[in-house]
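Colleague: I am new to this structure. Could you take me through its main features?

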Amino acid sequence: MTQNPQLSDSGALRHLLTIEGLSAKLIHSILDTAESFVSVGEREVKKVPLLRGKSIFNLFFEPSTRTRTTFEIAAKRLSADVVNLNVSASSQSKGETLLDTVDNLSAMGADMFVVRHAQSGAAHFIARHVAPHIHVVNAGDGRHAHPTQGLLDMFTIRRYKQDFTRLKVAVVGDVLHSRVARSEIHALTTLGVPEVRVIAPRTLLPTGVEALGVQVYHDMPAGLKDVDVVMMLRLQNERMSGPFLPSAQEYFKYYGLTADKLQLAKPDAIVMHPGPMNRGVEIDSSVADGGQAVILPQVTFGIAVRMAVMSMLAGA
Ligand code: CP
């Protein structure tokens, strides 16, 4: 038995549950594989037969625009059969348990589950339960992890900045409630980024965040100074159990990314955001729609990265 439940004894990817514990070599291999899939999206016929005959079930127990849709596009481009479970109209509403739902879908011939759930650990729970031939991809679990978002963010940074080992990267905003921030920080530190900064008010940082290998800034202008990459985060209001901030206006004043604040970063710095964005709360429209933003390319690259993950899991 290997230590990392998402890897097989030979070190191949069996499930993708978290970036934590993946080697730099494996992450680069996923990014390299994704690179080979970018051109598929540029062809007239956007399809390769790698997952023909495989059945992929999207189980999204939380809302999603980008992740669910790009997983579906990615699976279809790999020629898989895709089923999107309509959770609100499923028998979960009649009291069926998560594992009974998974067992029934497995009985229909599922080869892979792509799971988003509000509970941290939900994808691990399913991965421990399913038969050995079934693969599980975590599409975001609570505040724990969103590994394919972290990977597509690394793909985007590599595309624009090439060498991770020369970068200063700032992750700005609600780190406390953000699964994206955790996945990004694990990926950036594993890939050798020498300076990963987190910029946030004290109330939106987990205790002991420095142990993840980041430098903490509460002052946004100081934290943005000379960075190469600015990764903005949304305020995760749906995961806040009480008032963490005086107001959205106050938050924007101190932690919203404006054109003036962005000038403190390097002149060729890129601005990223996983979406959905809250304009005027964490980011000004002039920046979100400006020349340094790579927010929509992140979405496009997400298709190739998810194709890479699914094809590697299936051993294609
Ligand atoms: N980035 C992200 O997870 O977006 P969705 O919630 O729209 O999937």
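This is a predicted model: local features need pLDDT of at least 70, side-chain atom pairs count only at pLDDT 80 or more; totals for chains, interfaces and linings use all residues.

Colleague: In what sense do β1 and β2 pair, and over how many bridges?

Modeller: β1 and β2 pair in the parallel sense, over 5 bridges. The chain passes from β1 through α2 to β2, and this β-α-β crossover is right-handed.

Colleague: Which residue in β3 is the bridge partner of Asn58?

Modeller: That partner is Val114. β1 and β3 (residues 112–117) also pair in the parallel sense over 5 bridges.

Colleague: Why is β1 largely enclosed by the rest of the structure?

Modeller: Because 6 of the 6 residues of β1 (residues 55–60) are buried. In a regular strand, side chains alternate between the two faces of the sheet. Here both faces are covered: Ser55, Phe57 and Leu59 are buried on one side, and Ile56, Asn58 and Phe60 on the other.

Colleague: A change of topic: where is Ser90, and is it buried or exposed?

Modeller: Ser90 lies in the loop between β2 (81–85) and α3 (98–107). Ser90 is buried, with a relative accessible area of 11%, and its side chain reaches the backbone oxygen of Val87 at 2.8 Å.

Colleague: What is the volume of the largest pocket, and which residues are closest to its centre?

Modeller: The volume is about 360 Å³. Of the 20 lining residues, Arg116, Arg179, Arg234, Gly275 and Pro276 are the closest to the centre. The elements α2 (66–77) and α6 (179–190) each give two or more residues to the lining.

Colleague: How does that lining divide by class?

Modeller: The lining has 5 nonpolar, 8 polar and 7 charged residues.

Technical notes
Residues are numbered from 1 along each chain as its sequence is written. Side-chain values use heavy atoms; hydrogens and water are left out. Helices (H or I, at least four residues) and strands (E, at least two) are DSSP runs, numbered from the N terminus. Buried means under 20% relative accessible area, exposed over 50%, partly exposed in between (1.4 Å probe, protein chains only). A polar contact is a pair of N or O atoms within 3.5 Å; within protein, one must be able to donate a hydrogen and the other to accept it, and residues adjacent in sequence count only if both atoms are side-chain atoms. On a 1 Å grid over the protein atoms alone, a cavity is a set of points where a 1.4 Å probe fits but cannot get out, and a pocket is an open set with protein on both sides within 12 Å along at least five of seven lines; lining residues have an atom within 4 Å of a point. Grid points are joined across faces, edges and corners, and a volume is the space filled by probe spheres set on the points. Ala, Val, Leu, Ile, Met, Phe, Trp, Tyr, Cys and Pro count as nonpolar, Asp, Glu, Lys and Arg as charged, and the others, Gly among them, as polar. Two strands pair if DSSP finds at least two bridges between them. A crossover is right-handed if, with the strands pointing away from the viewer, the path from the first strand over the helix to the second runs clockwise.
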